[in-house]
Amino acid sequence: MIQRFILLGEGYNDLYELLELARSNPSRIHMLLRLDTVFEKKEKSSLVLILRPASPGKMMPLYLCLEGIHNPEIQSSERYRLFEQLSQELDRSIYRLKVKSSHEFEDVELYYQYLIGVLRMNRYIPPLN
């Protein structure tokens with residue numbers, strides 16, 4: 001199975017898209033995930049919606065709103081509250097991981113490979129078959 005990040009932006013419209021993707025695919029939801037990081041002494045979070053592959057299909061999409069939200073443990077945010085409401089609405093937990101910032105990588109594809117490795121190591125997503 002191939003895992004592929006699909007980058008959404010940092011704004012409200014991007015988050016609304018992520019929320020709508022989850023609401024329209026409740027049976028495909030594998031996981032809701034918050035990735036916490038620090039960049040330039042600012043604590044930020046990325047929100048991720050991981051879906052199971054479409055049938056037929058072998059790609060597990062990971063929709064990502066990258067580092068655009070304040071870490072809710074430090075500063076509350078309406079965008080994170082919307083994500084929490086989604087988790088309650090769908091009766092899904094939000095899993096959390098602390099990861100390196102995307103700014104520590106030369107290329108966004110290297111960052112995605114790093115995240116895939118972290119997610120596999122923590123058994124949040126399956127290994128390649």
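The R34 side chain forms a polar contact with the side chain of Y80, at 3.3 Å. The model is predicted, so local features need pLDDT of at least 70 and side-chain atom pairs count only at pLDDT 80 or more, while totals for chains, interfaces and linings use all residues. Residues are numbered from 1 along each chain as its sequence is written, and side-chain values use heavy atoms, with hydrogens and water left out.

Me: What makes the pair R34 and Y80 a polar contact?
Reply: The term requires a pair of N or O atoms within 3.5 Å; within protein, one must be able to donate a hydrogen and the other to accept it, and residues adjacent in sequence count only if both atoms are side-chain atoms. The R34–Y80 side-chain pair lies at 3.3 Å.

Me: Why is R34 called buried?
Reply: Its relative accessible area is 1%, and buried means under 20% (exposed is over 50%, partly exposed in between; 1.4 Å probe, protein chains only). Therefore R34 is buried.

Me: How do you know that the length of α1 agrees with its 13 residues?
Reply: The expected span is 1.5 Å times one less than the number of residues. For residues 12-24 that gives 18 Å, and the end C-alpha atoms are 18 Å apart, so the two agree.

Me: Which residues of α1 are buried, and why are they said to line one face?
Reply: They are L15, L18, L19, L21 and A22.

Key
Helix = DSSP H or I, 4+ residues; strand = E, 2+ residues; numbered from the N terminus.
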